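Let's take a walk through this model, strand by strand and then chain by chain. Keep the viewer open as you read.

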Amino acid sequence: MGNQEHFRVWRGDDETGDFVDYDVEVNEGEVVLDIIHRIQATQAPDLAVRWNCKAGKCGSCSAEINGRPRLLCMTRMSTLPPGEPIVVTPMRTFPVIRDLVTDVSFNYEKAREVRAFVPPEGVAPGDYRMQQVDVERSQEFRKCIECFLCQDTCHVLRDHEENKPAFAGPRFLMRVAELDMHPLDAAAEQGLNRKEAAQDEHGLGFCNITKCCSEVCPEHIKITDNALIPLKERVVDLKFDPLIRRKKRARRA
Amino acid sequence: MTEIEQLSYDVIVIGAGGAGLRAAIEAREQGKKTAIISKSLFGKAHTVMAEGGCAASMGNVNDKDNWMVHFGDTMRGGKFLNNWRMAELHAKEAPDRVWELETYGAVFDRTPDGKISQRNFGGHTYPRLAHVGDRTGLELIRTLQQKIVSLQQEDFAATGDYEARIKVFAECTVTDLTKDGDRISGALAYWRESGRHLVFEAPAIILATGGIGKSFKVTSNSWEYTGDGHALALRAGASLINMEFIQFHPTGMVWPPSVKGILVTESVRGDGGVLTNSEGKRFMFDYIPDVFKAQYATTEEEADRWYTDADNNRRPPELLPRDEVARAINSEVKAGRGTPHGGVYLDVSSRLKAEVIIKKLPSMHHQFKELADVDITKEPMEVGPTCHYVMGGVEVDPDTGAASVDGLFAAGECSGGMHGSNRLGGNSLSDLLVFGRRAGAGAAAYVDSLGSQRPAISDDDVQVAARRSVAAFGDGGQEGSENPYTLHQELQQTMNDLVGIIRKEEEIQEALDKLEGLKARGEQVVVEGHRQFNPGWHLALDLRNMLLVSECVAKAAILRTESRGGHTRDDYPTMDAEWRHVLLVCTLNADGTIDVERQEQIPVRNDLLDLFESDELGKYFTTAELGGRI
Amino acid sequence: MTVATLRTTSPEAGAGRAAIAARTLRTDRWWIPPLTTAVGLIAWITYATVRVFMQKDYFVADYHYLTPFYSPCISNGCVPESAHFGTFLPDVWWLPYAALTLPFLLLFRMTCYYYRKAYYRAFWFSPPACAVAEPHAKYTGETRFPLIGQNLHRYFFYAAVLISLINTYDAIKAFETGDGEFGIGLGNLVLLVNVVALWAYTASCHSCRSIIGGRLNHFSQHPVRYKLWGWVTRLNGKHMQLAWLTLGTLALTDFYIMAVSAGWFSDPRIIN
């Protein structure tokens with residue numbers, strides 16, 4: 001019933017690797033992950049691929065299809081140019097473990113560097129009151145499924161391994177923005193300035209807002225417009241805008 | 001054999017979904033050195049798939065709600081087979097567990113007065129589900145994940161090591177538990193990435209591995225759901241209960257084939273979606289069972305009024321408990337009134353405005369758009385039943401989550417009893433939190449009670465388990481060679497066709513015969529390649545668990561000669577009060593066969609029975625049980 | 001440490017990454033958008049430069065049409081009627097007649113979050129397109145001089161608001177004919193459209209969005225600013241389109257006024 005397609009899948013490990021060709025059947029409605037599974041079940045049982053929910057909700061099956069960072073489970077075969085070989089590679093920004101599976105531990109390290117939500121003192125559980133309009137921005141960022149495609153595509157990391165220690169990447173700068181916009185986060189009371197941390201510890205200045213993170217986001221989160229730029233503007237409030245700073249100081253005095 | 005890395009912890013949690021993470025947080029907060037072992041990456045567990053919400057009687061939207069109503073709904077939903085103590089604890093503690101999440105940083109949708117918003121759901125009397133759009137599970141897992149990170153940050157500040165007191169072992173699979181005499185002593189695991197073994201020495205192990213759905217062909221569950229915790233418990237000598245009860249969610253996607261089974265959240269119906277057959281009829285009105293006649297609307301007009309005036313109208317029958325809706329859809333399709341792809345229509349497009357649909361059901365809109373090319377704001381969805389949840393699991397003490405083996409605990413989907421014969425939507429996320437915390441506390445108390453008398457791990461046990469886990473690579477001794485993928489497909493087909501949503505004796509028997517054959521062939525599985533990230537090998541190990549658990553399901557299903565909740569027998573179509581007080585308990589014999597035995601339930605405490613009208617109780621209980629009540 | 005635990009990534013490029021030689025594996029024509037951007041920007045800059053230094057055909061005295069490229073006209077070389085704010089700059093060939101405002105407009109656009117994306121991609125190839133490797137060996141982004149200066153965007157936004165007010169004044173002033181009567185011609189409509197587009201672009205600025213309300217953490221306590229923020233947010237979604245649209249309206253307005261001023265055709269009049 002299906003037709004044959006030509007797949008070129010990168011196979012290898014952290015030392016060597018190359019493309020391997022597979023001719024494989026494709027049926028109506030299938031996504032790239034289905035085809036990878038078919039290759040696994042019929043031609044290469046040890047082909048390594050990471051996946052989980054197969055519904056675009058867990059963000060495990062991140063890889064690159066025809067050079068573009070995508071979720072394998074959300075890329076329908078019908079959206080790819082017919083008759084041309086389909087090239088599937090692991091994410092290029094992270095060390096490869098085997099075949100399509102990469103070591104994404106960089107992201108978990110960065111996650112740890114962002115100081116967690118600070119609960120407001122003196123507010124008992126159950127007494128939290130927040131208006132919907134006040135939580136909506138943070139909620140958009142919390143849609144993130146941590147597929148790390150934004151981290152993969154961001155040229156700051158992708159093209160410059162040496163920037164990894166200094167730059168948290170769009171995912172975790174967005175996490176800082178989420179917390180900084182949280183109506184009840186009490187970081188400031190603890191002496192933690194999240195804006196300052198964004199600039200000085202998480203490398204917000206590296207971002208040149210070229211928006212590739214927003215382009216690849218499978219959740220369609222407007223990472224650049226709604227998280228990174230507003231965060232940059234908040235840093236400007238803090239560090240580069242003497243007017244607002246003076247106003248603040250006057251208010252404190 | 002090569003040297004195996006050995007690590008020592010106070011508490012090991014197997015599984016990093018909601019229950020596992022909540023258990024780990026509790027154990028760590030009680031000062032125990034805790035490890036979390038997860039088959040997937042941290043934060044990817046199946047909990048992310050939960051869409052609708054987390055049930056807790058906070059009464060934010062309707063202040064008539066309280067734990068007693070929630071308890072009653074849960075018992076009703078489970079057809080009174082539930083472990084009543086678990087249902088009681090669950091109903092009482094769920095609100096605290098949800099509020100606690102806000103202190104971890106969760107951001108739920110809000111009511112106009114700034115409280116956590118709650119939505120309607122099948123089987124719940126009042127709007128009760130705390131939610132974030134239709135991605136509540138993601139919010140829950142991310143919140144717990146971030147709480148663990150925050151604990152690690154505390155530990156880093158105190159010790160200079162993030163992982164001093166709580167560590168996540170991601171992409172790591174436990175293959176066997178070890179015992180010292182009758183007590184748990186540790187676990188053998190391997191890194192999926194390298195295939196290398198490692199041993200955890202720990203006096204307390206909490207199983208939080210989720211369900212068994214991958215034994216079925218059409219399922220909403222991910223690959224992880226291979227019944228690992230169920231099987232580990234059996235092999236460690238613990239017992240499973242209620243394994244015959246499997247929830248088929250009424251609404252899974254049916255088209256295209258590659259996404260068949262993926263969940264369509266119940267919120268679609270909670271927010272106004274209706275089910276129609278190919279003749280355009282809202283057929284659910286024909287399927288209201290007698291026990292629910294009092295609570296559900298009998299006309300479309302009344303049902304529609306309920307969405308705006310729930311106090312004065314009865315609920316629409318689309319919101320009956322899941323087992324009822326799944327059976328109804330199944331009957332409609334069998335009667336030839338199904339859609340072209342063998343489902344029924346679920347329509348919100350004619351009921352809500354496009355903006356409202358996108359606001360309230362964003363991930364459903366996205367899922368259908370991207371996977372099926374269907375715009376749910378313009379056209380109906382096609383849906384059908386999908387294997388979703390197993391009510392059965394490890395038999396545990398309600399208060400501590402302790403299994404019958406010392407040192408073994410279980411929480412979440414892999415434990416049994418809480419939901420009886422059928423789980424209400426939204427009760428799963430609250431179950432995870434309530435019993436995850438209790439299992440964490442139970443394990444911590446158990447570790448404290450040991451003092452210096454800790455069980456020790458035996459090197460021989462480790463070597464045996466390690467050898468068993470790599471047996472599939474073959475030593476040339478196997479006669480035939482079986483492909484794990486083929487066996488898995490056959491198992492899924494067998495369970496789906498023969499022990500599926502509607503069951504009969506001959507078919508279950510046929511399934512048992514087939515399972516026998518599959519088990520034998522399972523011994524002959526040979527995998528290719530090496531041990532680094534080898535999916536064939538991973539599946540071979542999972543298959544062993546699935547076969548064991550499937551046998552429990554089939555053996556329990558053939559014994560229970562009635563229909564109740566997630567167990568429907570074509571040959572015994574009615575509910576039988578004589579079966580309500582009986583549990584079927586699975587254990588594993590030394591020769592590898594499964595035993596299923598009857599066990600009497602502990603009678604429901606009187607003050608809890610008092611919460612129900614006596615004529616309602618009369619529908620479920622025997623006259624003898626009710627004594628003077630009727 | 002075992003393999004799947006957190007490892008610190010070694011800083012040298014390529015550490016452990018999949019050995020794929022190709023700079024990109026994209027098969028689509030990814031180079032078209034940056035090329036289009038480059039062509040568009042170069043064409044516009046060329047036109048604007050030529051016009052700014054022409055120092056003629058910028059004013060239609062009969063209808064008070066003043067091109068935005070010469071507004072406000074403050075050079076001693078300006079036609080007196082076109083200089084609403086006095087003249088004080090020396091009339092030399094290398095100093096544009098609107099030399100007080102043009103630098104701010106240039107800086108407003110150069111530090112604009114959209115244009116930054118556009119020229120970082122199209123001219124600096126950093127990156128040329130998503131998942132296409134950039135050619136530079138080192139990258140520090142906007143962390144140090146001079147690019148750290150991009151953070152001054154909001155000052156240029158403040159300036160741009162003032163200049164938009166001047167442009168608005170020009171557009172209103174143009175409803176008065178040389179004889180001091182009220183009149184409307186096609187040129188008025190052109191000026192009006194341009195001014196509306198300029199306001200839309202200026203208001204859709206990311207800095208504006210932050211100042212208006214984005215800085216707040218409790219929208220619920222500032223309903224008016226929240227409302228405004230909502231409007232700006234909606235406009236902000238079209239910031240790129242507005243950036244290009246205003247380049248178009250600016251050039252067209254200028255060209256129209258040059259054409260009328262040079263007598264290539266006469267302004268069709270609707271009233272007077």
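How many bridges join strand β2 of chain B to strand β11 of chain B? Four do, linking residues 11–14 of β2 to residues 204–207 of β11, and the two strands run parallel. Within that pair, B:V13 stands opposite B:I206 in β11(B). A word on terms: two strands count as paired if DSSP finds at least two bridges between them, while helices (H or I, at least four residues) and strands (E, at least two) are DSSP runs, numbered from the N terminus.

Before going further, some housekeeping: this is a predicted model, so local features need pLDDT of at least 70 and side-chain atom pairs count only at pLDDT 80 or more, whereas totals for chains, interfaces and linings use all residues. Residues are numbered from 1 along each chain as its sequence is written, with chains lettered from A and ligands numbered from 1 in the order in which they are written.

Now zoom out in chain B. The β2–β11 pair belongs to an open sheet of five strands with parallel pairing, in the order β7-β3-β2-β11-β18. β7 (166–169) and β18 (408–410) of chain B sit at the edges with a single partner strand each, so one side of each has no neighbour in the sheet. From one strand to the next, the twist averages 20°. Helix α1 (residues 18–29) of chain B lies across β2, β3 (34–37), β7 and β11 of that chain, running at about 170° to β3(B). Axes here are lines fitted to C-alpha atoms, for helices over the stretch in contact, and angles run from 0 to 180 degrees between N-to-C directions.

Over in chain A, the pairing is antiparallel: 10 bridges join strand β1 (residues 3–12) to strand β2 (residues 17–26). A hairpin of four residues connects β1(A) to β2(A), and A:R8 faces A:D21 across the pair.

Chain A is assigned domain 1 (3–102) and domain 2 (105–252), with bounds from an automatic or database domain assignment. Their centres, taken over C-alpha atoms, are 32 Å apart. Between them, 12 residues of domain 1 of chain A are in contact with 13 residues of domain 2 of chain A; contact means C-beta atoms, placed from the backbone, within 7 Å.

Finally, 47 residues of chain C are in contact with 55 residues of chain A. On the chain C side, α3 (113–122), α6 (206–214) and α7 (223–236) each supply at least two residues, and α3(C) gives the most, with five.

Key
Contact = placed C-beta atoms within 7 Å.
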